[in-house]
Amino acid sequence: MLKVLAIAPYPGLKVQIDKAALQYPEMKVDCYVGDLAAGVEAAKKHEHGFDLILSRGGTAKTIRKAVSIPVVDVEISFLDILRIIKLVDVYQQKYAFVGFENITKQIRTLSEVLAKPIDIITIQNKEQLPEILQRLKKGGYSLIIGDNITAESARRMQFNSILIESGQESVVDALMRTEELGNQLASERNRSRELILAHNALNVSSYVFDSDLHMLAGQVTPQQPYVAASIRQYIARSSFDDEEVVDHLRIHDRYFHLDISHQNGHFYVFAKDVTKRIERPSYLEMLTDDSSPTNSADLIGESKNQIETASRVHSSILVSGEAGTGKESALLLLAANNSHPQKWLVNLKKMNLPRDLHHLLKDTDSIFLDTNAAFFVEGADVLDGTQLDELCSFISGLPQRGVQWIISVNPQSDQGHRNFEILMSKIEPYSMALKPLRLRESDLSSIIGLYVYEFNHETKTTVLGFEPAAMEILQTFSWPGNLKQLKRIVKKLVLESNTAFVQATTVKSALKEEMYLAGTEENSPTMSQWHGQTLEEIERAVVQAALSRNNGNKTLTATQLGISRTTLWRIIKQTTE
């Protein structure tokens, strides 16, 4: 039986390879996920147990230089690239295709055939990416399209990114070529495969770092891949006047006893896990570089500039915006740019108040007492006056110890508005106000394009976009629920569309249903009452029904409908004119 080692640069390709391999019962295909360095490591580790290796793009090119057995490339077809070109037609910001020659040469050909100018950059190795992406960022580009290493690098530098995936037909073709080549090699290769899996959970680890903190020896385990990096950071910020330092260090939710010996310019570290697993409450999350969202509407237009500016601020930051404007995403993007070694996300909305807040503010083992840490506090609008005063007093009363506070608040409700004013007054933060979607008309088509790509990838659909009339309807809708509402509607339209481009009639129907669901059955207009009415007329009807239900309480009505009081007043004024 032909034995094939498949190295998929991204998880989606593994799914396709596993599916296509079912068509070849005489071929044993073992597929691993690993991009470039990780893929090469997997290939070198297992190559002696296989006859051929199957991979894609830059990963295949790199593996071919490192192993002694043949490597078959899963090619990217013109159809795969054409799908992406059509998908980004609606993206109004600057974008570029970046990748190895095996991808960019096909894009250039398509660009010429379609007579469509496309910004294309070819790289020779992954080390070129940071400089190229930095240059594109300075040039105002917000979307990068390429293979997995390109898309992942772009995401880490806070671009929106789209991965060019190989279609199922490309995977089947690659397996066919693999079988043909394997049959030619079958007479020469008849060795057995032996895989060694050694993943032991270690309580004790040892590390050796040189004077530049490069790790010369040590264990990086799947269970605790972050331990070595955290120890390196500890050494970098510590003073070693003595030859030996003994200390305790909290790394994520575990405690380690460190014994560090500094001799001959090297650091010899003995780390022992001295704590049982701590049950982390649901409102706490330790943030890492991988916590940043894959794509974000906050990386488009003015919001992108706001994120970049706020990322340079070292004092407290207050992120404000209506419900659904992307405050959660903004916190994660700011965290990805934050250089503090410890970064915590604290979701006040998930707390059992006031008990959980009291623990963080009063207990001696609270994470709020960490030094050199950044705290990303979500949902300050849920705190009452007493709780907010306690939080502000805690923040203001702490000595300077390398801590930064980034807090989000929704100022729509009376309490949220009051809390916004108190936070601005008491901790004097840098203010970052996210615009509601109705004020981001120039960004809307780009955001929709990203969502279409995301849902195509998630649900395996092939929608290419929206016909112009359909896009115009979406751009003129008020979007009281902002990005969350838009994302929900786009997903519904992608799933229900029977055509490559979503039609205007489908959009109208979905938005009418959305407006209907914004009200309640009691005292709300029925669907039959809305027959033939415009979206503006339906919008006004829903507002009037909600006002009636709430006895004219405008603040409560605005909160329930997910719109600002200013928007509510505008709709009421239109109704009375």
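Residues are numbered from 1 along each chain as its sequence is written, and side-chain values use heavy atoms, with hydrogens and water left out. Because the model is predicted, local features need pLDDT of at least 70 and side-chain atom pairs count only at pLDDT 80 or more, whereas totals for chains, interfaces and linings use all residues.

Most residues other than glycine have a negative phi, and most peptide bonds are trans. A cis peptide bond, with omega of about 0°, joins Leu 353 and Pro 354. Pro 354 is placed in the loop between strand E16 (342-347) and helix H12 (355-362); here helices (H or I, at least four residues) and strands (E, at least two) are DSSP runs, numbered from the N terminus. Glu 428, although not a glycine, has a positive phi of about 50°, and is found in the loop between helix H14 (414-426) and strand E19 (430-433). A positive phi, near 50°, also occurs at Trp 479, in the loop between helix H16 (468-476) and helix H17 (482-496). Accessibility was classed as buried (under 20% relative accessible area), exposed (over 50%) or partly exposed in between, with a 1.4 Å probe and protein chains only. On this scale Glu 428 is exposed at 64%, while Trp 479 is buried at 1%.

Ser 408 belongs to strand E18 (residues 404-409) and is buried, with a relative accessible area of 2%. The side chain of Ser 408 reaches the backbone nitrogen of Gly 379 at 3.1 Å. Contacts of Ser 408 (heavy atoms within 4.5 Å) include Val 319, Lys 327, Leu 331 and Val 377, residues up to four places away in sequence not being counted.

In helix H2 (residues 37-46), the buried residues are Gly 39, Val 40, Ala 42, Ala 43 and His 46. These residues lie on the same side of H2, because they cover an arc of only 165° around the axis, the arc being that of the directions from the helix axis to the C-beta atoms. Glu 41 and Lys 45 are exposed on the other side of H2. The packing partners of the buried residues of H2 are strand E1 (2-8), strand E2 (27-33), strand E3 (52-56) and helix H3 (57-66).

The count of disulfides (pairs of cysteine sulfur atoms within 2.5 Å) is zero. Cys 31 is buried at 12% relative accessible area, and Cys 392 is buried at 1%.

Salt bridges, defined by a side-chain nitrogen of Lys or Arg within 4 Å of a carboxyl oxygen of Asp or Glu, number 20. One of them pairs Lys 86 with Asp 89, with the closest N and O atoms 3.4 Å apart; Lys 86 is partly exposed at 31%, as is Asp 89 at 36%. Another joins Glu 328 to Lys 484, with a closest N and O separation of 3.6 Å. Glu 328 lies in helix H11 (residues 327-337) and Lys 484 in helix H17, so this pair ties together parts that are 156 residues apart in sequence. Lys 492 and Glu 513 also form a salt bridge, the closest N and O atoms being 3.6 Å apart. That pair links distant parts of the chain, with Lys 492 in helix H17 and Glu 513 in helix H18 (residues 504-518), 21 residues apart. Salt bridges that share partners also join Asp 80, Arg 83 and Glu 169 into one network.

Conventions: A polar contact is a pair of N or O atoms within 3.5 Å; within protein, one must be able to donate a hydrogen and the other to accept it, and residues adjacent in sequence count only if both atoms are side-chain atoms.
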